[in-house]
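This report covers selected local features of a two-chain model. The sequence and the structure come first, followed by the notes.

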Amino acid sequence: MFLQQLVNGITVGAIYAMVALGYTMVYGVLQIVNWAHADVLMFGTFIGLLLTNVFHMPLFAMAVLAAAFTAALGMSVEIVAYRPIKSGNRRMAVLVSALGMSTFLQNLAQLVFGSSSQPFPTIEKVTYTIGKVTFTNIQLIILGITAIMLFILYMIVYKSKIGIAMRACSVSIPNAKLMGINTNFIISLTFGIGAFMAGIAGICIATYYNAVYPTMGYLLGMKAFAAAILGGIGSIPGSVLGGFVIGIFESLGAGYLSSGYRDAYAFIVMILVLAIRPSGFMGAKHIDKV
Amino acid sequence: MGKEKAVKQKKFSLNSLPAYSKMVLMPVLVLALIAAPAVITNKYMLHIIILCSMYSCLALSLNMVIGWSGQFSLGHVTFYGMGAYLSTLLVRSLGINFFLATLTAMVIVGIFSALLCMPTLKLRGDYIALVTLGFGEVFRLFISNAVAITRGPMGIPNIPPPSIFGFEISGKTAYYYFVLILLICFTIFMVRFDNSGFGMSMMAVNEDDIAATSLGINPVKFKLWGFVMGGVMAALMGSFYSVYMGMIGPSSFDYGESIKMVSMVVLGGQGSIAGSILGAFLLAALPEALRAFSDYRMVIYGAAMVIMMIFRPEGIYGRNKRTRNLYKIKAMRGEKHGEGTAG
C-alpha cells in the first residue's frame, strides 16, 4: 500500500515538477508569476487532441508538435499581457493581467472545445507487478520523459551560452543588457522553454488520466505553483524537489486519510511550509517584504 | 502658476462641489433610492439591482483587503461562504434569530480570518494570492465533503426568511431596502475609515511598509486588521446572500466567484470606494444586459482585465495615491496663498 502510493505519487510528482519549472524559470528571470502558465498548458493539450483526432498523428510526433505550439502560445502571452505593462506598481498590475489572461484562455477553450471532459488518445497499457507494487508502462514512460526533459533543461541552463545569458538576466536585467545580451529575446525564450515543458507535461497527464478538459489547468497549475513555492521559487532543483514532495504527499494523503480532500493536501502542505519557512526548501534566504 | 495648474487638474469629485449643492444632492439621491421600488415594478429588474448592490458591498469588503491593506487576496470567497454557511447552520441547529446568527457568524469569521492571516503576514503579492487561493480551495472541498454538517454538494435548501421585531423580510422590495441599508452602512463606514487615522496608517503600510515602520506604524497590526475587517464584511454579505437566495451550495462559492470580485475591485480601482461600487454594478449588470453574449462573458472579463492593466492600471475610478495627497497639499497651499493675497 505504502510503496504503491509512493509509485503513484512519484509519477504525478514528475508531472508537477515539469510544470513547476515553467513557473520557477519565469520567476527567476522576471520576478513575476506567470498565472496563465497552466492555461497555456491546457490549450496545448487540446491542440494535441486536435492533432490526433484530425490529422491522426502518432503519439510522439503529436507530443512534440503540441509542445511547440504551447511554447509559441507561452511566448505570445508574454508579449501580449506582460511586456506592455510598465506602470509604477508593476507587480500588482502584472498579477491582475496574468489572471485576466488565465480567465481569457480558460473560457476561450470552453467556447472552442466545449466544457466537457474528452478522452485522450493513449497507448496500450501494460501492467507490471513487482512484489505488491503494480505499475504501468505509461508511468515508466512519464518518468523517462521527465528525466530526459530535466537533462535537456540542465544542459541548456548550465552548459550553453544561452543558459549563461538566462542566468545573467536572472541576476540583473539592466546589467545583462550592458553585456550585450538581447534581454527581450532571452525573456521570450524563457517563456518558450517553460511552456514547452508544460506542453509535454500536459500530454503526459492527459495520457495518464485519459482525459482533457478546459479547467484541467487550474488545479494542476496551482499545485505546480505550490510545488515551485515549496521548493523555493526561482531555484530549479528546488522546484523539482517540490514537485515530487507535493505529488507524494498528495498520493499518501489520498490513500491513508481521505480521497475526498485529494486536491487540498498540496495547499495544506504549502501553507504549513510557508508559515515556517517563507522562502521554501532551497529558496534564497533573503526575502523582500514589500 | 504651477500651484494653480495643479488645482485645476484636480479630478471632478463630490468634494469639489460647493457645500450647499452637496446638501441638496445627497437627500435627492437618498430619496431616489428609497423611491426606486415604486418606480421599478419589474421584479427581474429589482433582482438585478439587489445583486448589484450585494456585489458592491462584497467589492468594498475585498477592496479593504486589496486596496487598503495591500494584500492581494484570491480567496475572499472563503469568508463570504463561511458567513453564509455559519449563519444558516446556526439558524437551523439552534433556532436563533437570523440577525443574532449573523452577528455570531461575523465574530467567528473574524477570529478565523485573523488565524488564516497569520501565514500570509510575512509574504508578498503573489505568495499571498496563492495562499489565499489555497484557503478558498480547501474551504470549497470542506463544504463539499463534510456531508454530515453541510449536506455536501446537495447544498442547504429552504432557508427561512429572516424576521426582525415580528416583521418578516420576504419579497423583492423588502430585500431591496435590506441591501440598500447595508450598502449605505458599508459606504459610510468606508468613507469614515478612509479619512481616519487608522485608514491612513493602513494606506501607509500598503504603500511602503518599511517607511511606515520607521514612522512608528506596526505593519503587522494593520495588515491583520485589514484582513479581518474585509472578512467580517464579506461574512455579513454571505449571510445576506443565503437568506436572499433561500439556498446555498458549494457551487456558489467557487474560484470563479473570487475572480469576479477581484475583477470588480480592479476595474473600479484599488482603494476607491466609488470605484468598487461602479465596478460591481458594471460587472454584475452587464452580463444581464448582454444576455445574447453570455457565452463570451468570461472571455470578455479576462480580456478586459488584461487591457485595463496595460492602459489604465489604476482602474476606472482609481486614484494615484501619492499624487492625490500631493494635490491635496497643493490645494491647501493654494487656498492659503489666495487668502493671503485677497487680505
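## Nonpolar surface patch

B:Leu278 has a relative accessible area of 35%, so B:Leu278 counts as partly exposed. The model is a predicted one. B:Leu278 is located in helix H13 of chain B.

B:Leu278 is one of the residues of a nonpolar surface patch of about 940 Å². Chain A gives A:Leu111 and A:Val112 to this patch. From chain B come B:Leu278, B:Leu282, B:Leu286, B:Leu290, B:Phe293, B:Tyr296, B:Ile300, B:Ile316 and B:Tyr317. Two or more residues of the patch are given by helix H4 (90–113) of chain A and by helix H13 (273–289) of chain B. H13(B) supplies three residues, the largest share.

The cut-off for patch membership is over 30% relative accessible area.

## Helix packing in chain B

Two packed helices are described by the angle between their axes and the distance between the axes. In chain B, helix H3 (residues 43–68) and helix H11 (residues 219–245) have axes that come within 7 Å. These axes cross at roughly 165 degrees. Angles over 145 degrees count as roughly antiparallel, so H3(B) is roughly antiparallel to H11(B). The crossing of H3(B) and H11(B) is left-handed.

## A pair separated in sequence

B:Thr187 belongs to helix H8 (residues 172–195) of chain B. Its relative accessible area is 22%, so B:Thr187 is partly exposed; the limit for buried is under 20%.

In sequence, B:Thr187 and B:Ile277 are 90 residues apart. In space, the C-alpha to C-alpha separation of B:Thr187 and B:Ile277 is 9.1 Å.

## Positive phi in chain A loops

A:His56 is not a glycine, yet has a positive phi of about 50 degrees. A:His56 sits in the loop that runs between helix H2 (37–55) and helix H3 (59–82) of chain A. A relative accessible area of 63% makes A:His56 exposed, as the class begins at over 50%.

A:Asn210, a residue other than glycine, also has a positive phi, near 55 degrees. The loop that holds A:Asn210 lies between helix H8 (183–209) and helix H9 (216–231) of chain A. A:Asn210 is partly exposed, and its relative accessible area is 36%.

Technical notes. Residues are numbered from 1 along each chain as its sequence is written. Chains are lettered from A and ligands numbered from 1 in the order in which they are written. This is a predicted model: local features need pLDDT of at least 70, side-chain atom pairs count only at pLDDT 80 or more; totals for chains, interfaces and linings use all residues. Side-chain values use heavy atoms; hydrogens and water are left out. Patches are made of residues with over 30% relative accessible area and no salt bridge: like charges are joined within 9 Å, nonpolar side chains (Val, Leu, Ile, Met, Phe, Trp, Tyr) within 5 Å. Accessible areas come from the Shrake-Rupley method with a 1.4 Å probe; for residues, only the protein chains shown count as cover. A salt bridge is a side-chain nitrogen of Lys or Arg within 4 Å of a carboxyl oxygen of Asp or Glu. Helices (H or I, at least four residues) and strands (E, at least two) are DSSP runs, numbered from the N terminus. Buried means under 20% relative accessible area, exposed over 50%, partly exposed in between (1.4 Å probe, protein chains only). Axes are lines fitted to C-alpha atoms, for helices over the stretch in contact, and angles run from 0 to 180 degrees between N-to-C directions. Angles under 35 degrees count as roughly parallel, over 145 as roughly antiparallel, 65 to 115 as roughly perpendicular and the rest as oblique. A crossing is left-handed if the near helix is turned anticlockwise from the far one by less than a right angle, and right-handed if clockwise.
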